[in-house]
Amino acid sequence: SRTGEIRPFDKRADGLLMGEGLGTIVLKRLEDAERDGDRIHALLTGTGVSSDGRVSTLMSPGTDGQLLALERAWADLDLDPRAPGSVGLIEAHGTATPAGDGAELETLARFFGGPSDSDQPGLGSIKSMIGHTLGGAGALEAVACVQSILSDEVHPTINYDFPDPECDLDYVPNVSRKLKVDTVLSSSFGFGGQNACLVFRRFEE
C-alpha cells in the first residue's frame, strides 16, 4: 500500500500491508465435546477448498475456483444461501488489492445473487485492522468469525472512507455493530489460487 493504510473495498484501495499474528481453534467432533463437557463456542458446519492458480503468486483470471470452494463449503448445509438472512456475516479475504477485491465480490455475487435477491449480510475484512498475516490469516479470520457469533457483534472494516460505486455493499464501515449472527462465512483466497471457505454456525444447547 502506498498510502500506508490497508483499505479493503475502498475506492482508494491500493494494496495490502503485512501483519503479524496467529490464531488457534480446537476442532472436536460434537458428540465427543458434549460427552466431555467441553464449552462449545460454535459449529464448523462446512468446508470447501480448490486451487486455480496460474503461477505461485497469481490466481486465475476468472473466479471459477473461488466459486467452487464456496459451493463445496455449502454442500452439506440444509440452508439456501440466497434466502433472506441465511448468512449474517461474510468475513472476506479482503486484501485491498483492486484485482483481488473485485474478483472476490464477483464470486460472492455469483453465489449469493445481487442485492435485490436477498437481504445482504455484513461483509467485513479484519485485515483492515491487523494487516495480512499470510499463512496465519485464515486462522485469525476464523477466530473473528466465532467471536462474532459469541458476542453478537460484527467487527468493522476500518479505513473505509471513499465508497467505490463498483463495490456498493455493507462493509460495516469503521465502527463495530451489535448484530446477532447465526451463520458466518469465512473466505480465504491466497497466492497461487489456494482457495478455502469455512462456514460457522451458532451452537444451540
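A crossing of two helices is right-handed if the near helix is turned clockwise from the far one by less than a right angle. In the predicted model described here, the crossing of helices α2 and α3 is right-handed. Two packed helices are described by the angle between their axes and the distance between the axes. For α2 (residues 64–74) and α3 (residues 98–112), the angle is about 45° and the axes lie 9 Å apart. Angles from 65 to 115 degrees count as roughly perpendicular and those under 35 degrees as roughly parallel; α2 and α3 are therefore oblique to each other.

The contact between these two helices involves D64, Q66, L67, L70, E71 and W74 on the α2 side, which meet A103, E104, T107, L108, R110 and F111 of α3. Within α2, the buried residues are G65, Q66, L67, A69, L70, A73 and W74. The elements covering these buried residues include α3 as well as the strands β1 (43–51), β6 and β7.

Helix α5 comprises 15 residues (137–151). Buried positions in α5 are A137, L140, E141, A142, A144, C145, V146, S148 and I149. These buried residues pack against helix α4 (127–130) and against the strands β2 (89–91), β4 (153–154), β6 (183–190) and β7 (194–201). The helix is followed by D152, which has a positive phi near 55°.

The structure holds 0 disulfides. C145, one of the buried residues of α5, is in no disulfide, and the nearest cysteine sulfur, that of C197, is 11 Å away. A disulfide requires a pair of cysteine sulfur atoms within 2.5 Å; for C197, the closest cysteine sulfur is that of C145, and the 11 Å between them is too far for a bond. Both cysteines count as buried, since the relative accessible area is 0% for C145 and the relative accessibility of C197 is 0%.

Most residues other than glycine have a negative phi. F9, although not a glycine, has a positive phi of about 65°. F9 lies in the segment before α1 (30–35) and, at 1% relative accessibility, counts as buried. N159 is likewise not a glycine and has a positive phi of about 65°. N159 is located in the loop between β4 and β5 (177–178). With a relative accessible area of 16%, N159 is buried, as the cut-off for burial is under 20%.

Terms used: Residues are numbered from 1 along each chain as its sequence is written. This is a predicted model: local features need pLDDT of at least 70, side-chain atom pairs count only at pLDDT 80 or more; totals for chains, interfaces and linings use all residues. Side-chain values use heavy atoms; hydrogens and water are left out. Buried means under 20% relative accessible area, exposed over 50%, partly exposed in between (1.4 Å probe, protein chains only). Helices (H or I, at least four residues) and strands (E, at least two) are DSSP runs, numbered from the N terminus. The expected span of a helix is 1.5 Å times one less than its number of residues. Contact means heavy atoms within 4.5 Å. Axes are lines fitted to C-alpha atoms, for helices over the stretch in contact, and angles run from 0 to 180 degrees between N-to-C directions. Angles under 35 degrees count as roughly parallel, over 145 as roughly antiparallel, 65 to 115 as roughly perpendicular and the rest as oblique.
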